Amino acid sequence: MVTLALIRDTFREALARKIFWVLFGLSALLIIFFLFLLRIDIVAGATATVSLFGRETRPADANVDRLVRGVYGGIATFLYTWGMFLAVFASAGLVPSVLEPGRIELLLSKPLSRTHILLGRFAGNVLVVFLNTTFLVLGVWAILGVKTGIWSPGFLIAIATTTFVFAVLLAVVLLIGVTLESAAAATMITVALMIISPILAQTSLMMRLLSSEWSRNLWRVLYYALPKVYELGKMTLDAIQSRTFAGFAPIWSSALFGAIMLGAALAIFARRDF
Amino acid sequence: MDSEYAIETQDLTKVYVSQWKRRQVRAIDGVSLRVRPGAIFGLLGPNGAGKTTFVKTLLSAVRPTKGSALIFGKAASDPQARRPIGYLPENHRFPTYFTGAGMLDFYAALSGVEASRRRKLIPEQLELVGLKEWATMRIGKYSKGMLQRLGLAQALIHSPTILILDEPTDGVDPVGRRQIREILGGLEERGVTIFVNSHLLAEVETLCREVAILDKGKVALSGKMQDLTAGKGYRLTVPQPPEALTEELRGRATSMAVRDGLVDFQFSSRELVNGAVDLLRAEHCEIEALAPTTSTLEEVFVRTVQK
């Protein structure tokens with residue numbers, strides 16, 4: 001009951017912030033786009049015509065499956081870039097807001113542990129993003145499935161990977177939130193982690209380019225320590241395209257990073273005076 | 001709840017250390033207080049005396065550097081120790097996305113009140129504090145006094161046995177204050193322990209049976225209200241006497257005040273006031289009133305913190 005109340009409170013606060021409505025609005029727009037504006041005519045398993053805003057085009061590559069997977073890839077990329085950025089931006093204020101004087105004392109006066117309070121906020125926030133991602137991915141998947149008859153389950157992995165990466169990044173937001181109580185700092189640092197991820201992913205290239213051993217070691221440490229947002233995105237695209245991927249290291253290393261960040265946030269929150 | 005005391009602190013000390021300059025501030029220093037179940041206890045002190053820090057240690061929002069704080073015998077740091085507490089913070093900031101009823105529902109759920117019971121309790125509590133008509137209105141629209149009353153309803157909704165109130169009548173109009181006093185009076189009859197942290201001395205004097213005055217982080221004075229305010233004296237009120245006699249009486253009195261053509265002389269003993277009466281009668285002056293006086297809480301407070 002208490003956990004549910006904390007999750008509902010986070011949910012309510014998130015919905016009171018307009019940026020979460022922007023996220024849902026963008027998802028709804030994409031769904032409407034696929035529902036009403038994109039028409040795909042299929043003849044014998046291949047695309048005969050693709051109609052967009054009523055104008056018909058005949059794609060050079062008439063393979064329906066490839067077209068659908070391309071759309072899925074585009075949606076997954078959208079989720080990974082703008083969707084994730086907006087989600088982090090919107091979530092960054094949810095921790096400092098609960099730590100405001102006059103609000104946190106009242107929460108702490110209730111018979112629940114500090115760990116419970118922070119995890120409730122974490123879970124509520126993840127749930128908001130999970131629902132939005134599910135709404136978008138399931139919506140597009142169902143519409144394209146009905147329109148093309150292709151039900152590729154690989155795309156549904158985007159729900160899990162997007163929510164997972166968001167949860168890892170949210171752990172960073174939480175840590176910065178309880179330490180600095182600054183939504184701006186939380187956004188900047190988390191977005192920096194997202195930006196640096198594709199750069200760090202060029203490890204094999206950098207090992208050749210970097211001249212000194214210590215700089216190569218530094219690169220490796222950063223690569224292995226920080227969350228692998230880029231690789232996880234790539235894994236999602238591979239799943240959509242039914243390609244095999246190298247291994248699960250990006251998942252467990254990112255999970256480990258997230259767990260450490262969350263653990264540190266909980267430890268700091270448990271010790272702080274308010 | 002078989003402990004002898006509702007609240008018990010022993011040598012409670014909190015030292016704040018600034019991170020960069022390593023400066024230390026002793027917010028509370030060896031505070032030992034005991035509040036009996038069912039008491040209405042007032043905590044007083046000048047700004048910066050450590051009142052808020054003390055209250056926060058009771059709620060475990062602040063970790064003590066030394067000493068212990070117990071709620072009905074349980075360490076305040078144990079979340080279960082806070083189950084019987086209802087708390088109204090000073091300068092509260094309730095989330096404005098709530099409606100009045102929604103806010104009560106949230107905090108009651110956190111206090112462990114079942115959903116079915118919440119549905120019954122919320123309208124009752126809103127009616128108690130005179131906000132029933134505002135139940136579905138977002139609290140962003142509430143006035144400060146209304147928020148204060150809603151805060152009190154929040155503190156009461158789970159039927160606490162200890163009520164900790166930080167400036168409970170702050171921002172509330174006189175009618176609302178009386179209403180709050182009546183609510184607290186009802187709680188006293190039900191045996192609820194009420195701990196009030198306030199700088200409104202008249203309010204505390206009306207409400208509390210026991211007080212403690214904190215000064216520079218230490219308990220400077222504590223005891224029953226009637227004992228602390230039982231400073232003996234007599235007030236003699238007379239129509240303006242001749243100038244020479246006024247000077248004579250001023251010399252014998254501890255204080256003199258003129259109001260509406262009358263003069264109040266305050267004497268510290270029966271002998272002095274009788275001597276003054278003899279002087280006035282010898283001069284054929286009339287006496288308006290003569291009454292024994294006690295110290296006001298304000299006088300006790302000022303004497304204590306100015307020592």
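## Close-up views of a predicted two-chain model

**View 1. Strands E1 and E2 of chain B lie side by side in a sheet.** E1(B) and E2(B) run antiparallel and are joined by eight bridges. One residue pair shows how the two strands face each other: B:Tyr16 has B:Val25 in E2(B) as its bridge partner. The structure shown here and in every other view is a predicted model. In general, the strands of a sheet pair through backbone hydrogen bonds, in either a parallel or an antiparallel manner.

**View 2. Strand E1 of chain B also pairs with strand E4.** Strand E1 of chain B covers residues 7-17, and five bridges join it to E4(B), with the two strands running antiparallel. Within this pairing, B:Thr13 stands opposite B:Lys66 in E4(B). The phi angle of B:Asp11 is near 55°, a positive value in a residue other than glycine. B:Asp11 counts as exposed, because it has 12 C-beta neighbours inside 10 Å.

View 3. Strand E4 of chain B comprises residues 66-71 and pairs with E5(B) in the antiparallel sense over two bridges. Across this pairing, B:Leu70 stands opposite B:Ala75 in E5(B). The loop between E4 and E5 of chain B contains B:Phe72. Although B:Phe72 is not a glycine, its phi is positive, at about 45°. Is B:Phe72 buried or exposed? B:Phe72 counts as buried, because 20 C-beta neighbours lie inside 10 Å.

**View 4. The pairings of chain B shown above belong to one open sheet of four strands.** The order of the strands in this sheet of chain B is E2-E1-E4-E5, and the pairing is antiparallel. Which strands stand at the edges? The edge positions are taken by strand E2 (24-35) and strand E5 (74-75) of chain B. Each of these two has a single partner strand, so one side of each is left without a neighbour in the sheet.

**View 5. Helices H8 and H9 of chain B pack against each other.** Helix H8 of chain B spans residues 243-252 and helix H9 of chain B spans residues 270-282; their axes come within 10 Å and cross at roughly 175°. H8(B) and H9(B) are therefore roughly antiparallel to each other. On the H8(B) side, the contact is made by B:Leu245, B:Glu248, B:Leu249 and B:Arg252, while H9(B) contributes B:Leu272, B:Gly275, B:Ala276 and B:Leu279. By residue class, the contact of H8(B) with H9(B) consists of five nonpolar, one polar and two charged residues.

**View 6. Two domains of chain B meet.** The domain assignment divides chain B into domain 1 (7-226) and domain 2 (233-305). The C-alpha centres of these two domains of chain B are 41 Å apart. Where they meet, nine residues of domain 1 of chain B are in contact with five residues of domain 2 of chain B. On the domain 1 side, the elements giving two or more residues are helix H6 (201-207), strand E9 (210-215) and strand E10 (218-224) of chain B. H6(B) gives the most to this side, with three residues. The residues of the domain 1 side divide into seven nonpolar, no polar and two charged.

**View 7. Chain A touches chain B.** In this interface, 21 residues of chain A are in contact with 23 residues of chain B. Helix H1 (2-16) and helix H5 (104-108) of chain A are the elements that give two or more residues to the chain A side. The largest share of that side, six residues, comes from H1(A). The chain A side is made up of ten nonpolar, three polar and eight charged residues.

View 8. Helix H1 of chain A is the place of A:Leu4. A:Leu4 and A:Gly120 are separated by 116 residues in sequence, yet their C-alpha atoms are 7.8 Å apart in space. A:Leu4 counts as partly exposed, because it has 13 C-beta neighbours inside 10 Å.

**View 9. Chain B is shown as a whole for orientation.** The secondary structure of chain B comes to ten helices and 14 strands. Taken along the principal axes, the C-alpha atoms of chain B fill a box of roughly 75 × 50 × 40 Å. Of the 307 residues in chain B, 42% are buried.

Notes:
Residues are numbered from 1 along each chain as its sequence is written. Chains are lettered from A and ligands numbered from 1 in the order in which they are written. This is a predicted model: local features need pLDDT of at least 70, side-chain atom pairs count only at pLDDT 80 or more; totals for chains, interfaces and linings use all residues. Axes are lines fitted to C-alpha atoms, for helices over the stretch in contact, and angles run from 0 to 180 degrees between N-to-C directions. Angles under 35 degrees count as roughly parallel, over 145 as roughly antiparallel, 65 to 115 as roughly perpendicular and the rest as oblique. Two residues are in contact if their C-beta atoms, placed from the backbone, lie within 7 Å. Ala, Val, Leu, Ile, Met, Phe, Trp, Tyr, Cys and Pro count as nonpolar, Asp, Glu, Lys and Arg as charged, and the others, Gly among them, as polar. Two strands pair if DSSP finds at least two bridges between them. Domain bounds come from an automatic or database domain assignment.
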